[in-house]
Amino acid sequence: MNPLLEDMENALTGSQSSHASFHDIHSINPTQLMARIESYEGREKKGISDVRRTFCLFVTFDLLFITLLWIIELNVNGGIENTLEKEVVKYDFYSSYFDIFLLAVFRFKVLILAYAVCRLRHWWAIALTTAVTSAFLLAKVILSKLFSQGAFGYVLPIISFILAWIETWFLDFKVLPQEAEEENRLRIVQNVSERAALIPGGLSDGQFYSPPESEAGSEEAEEKQDSEKPLLEL
């Protein structure tokens, strides 16, 4: 195709796209716009998003589940009182499950403090808890004698390891991206509302009407192309 014809087609396409975007901006319903702004502002006033609340609930579930498994293990191995004295008072790294429970408490305190109280929007806290959990559990599995103590020697380390990495995945792929997307939407809506406030009289339904493009423009463009073809052929 001739370069001149390509430039003309690109110019027509650009004018049509700019006309469409202008029509989209001015065809916004002000009622819907204000309702959307109020909804986003309401989320900001709540202080914590729904997805972050779900993450905090899962962190709490992590602590409660590990605690439940540890209590069951205490009952299975000779009663709570005797086993508590053996695992807590006479703590032994090679045979006790008490440190796995403390590891769950450590994750709970750090993550709730960082992402519920301080409302942190960075991954460093979850990276710290996951790294500490993974390193400690690997060392305990390699050095300890848990596997000789029955099924709980397998269950507690594996469950603790899996829950720590699920928390990492949920925060990194769900909480932080979704909150960033909501912030971008709020910023876009606020920019549109600020532009609408600059228009005299504001925006109202039907105030801006963009009629469909007439065929005159397209006919003129075709006539120009037909008149330029002989020149190009020369």
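Asp 50 and Arg 53 are both located in helix H3 (residues 50–76), where three residues, about one turn of the helix, separate them; helices here are DSSP runs of H or I with at least four residues, numbered from the N terminus. The structure is a predicted model, in which local features need pLDDT of at least 70 and side-chain atom pairs count only at pLDDT 80 or more, while totals for chains, interfaces and linings use all residues. Residues are numbered from 1 along each chain as its sequence is written, and side-chain values use heavy atoms, with hydrogens and water left out.

Six salt bridges are present in the structure, a salt bridge being a side-chain nitrogen of Lys or Arg within 4 Å of a carboxyl oxygen of Asp or Glu. One of them joins Asp 50 to Arg 53, with 2.8 Å between the closest N and O atoms. Asp 50 counts as partly exposed because its relative accessibility is 47%, and Arg 53 is likewise partly exposed, with a relative accessible area of 34%; buried denotes under 20% relative accessible area, exposed over 50%, and partly exposed the range in between (1.4 Å probe, protein chains only).

A further salt bridge is formed by the side chains of Glu 179 and Arg 52, at 2.7 Å from N to O. This pair links distant parts of the chain, since Glu 179 belongs to helix H7 (residues 152–198) and Arg 52 to helix H3, 127 residues apart. Glu 179 and Arg 52 are both buried.

Arg 121 forms a salt bridge with Glu 183, and the closest N and O atoms are 1.5 Å apart. Here too distant parts of the chain are linked, with Arg 121 in the loop between helix H5 (98–117) and helix H6 (124–143) and Glu 183 in helix H7, 62 residues apart. Glu 183 is partly exposed, its relative accessible area being 25%.

Terms used
Helices (H or I, at least four residues) and strands (E, at least two) are DSSP runs, numbered from the N terminus.
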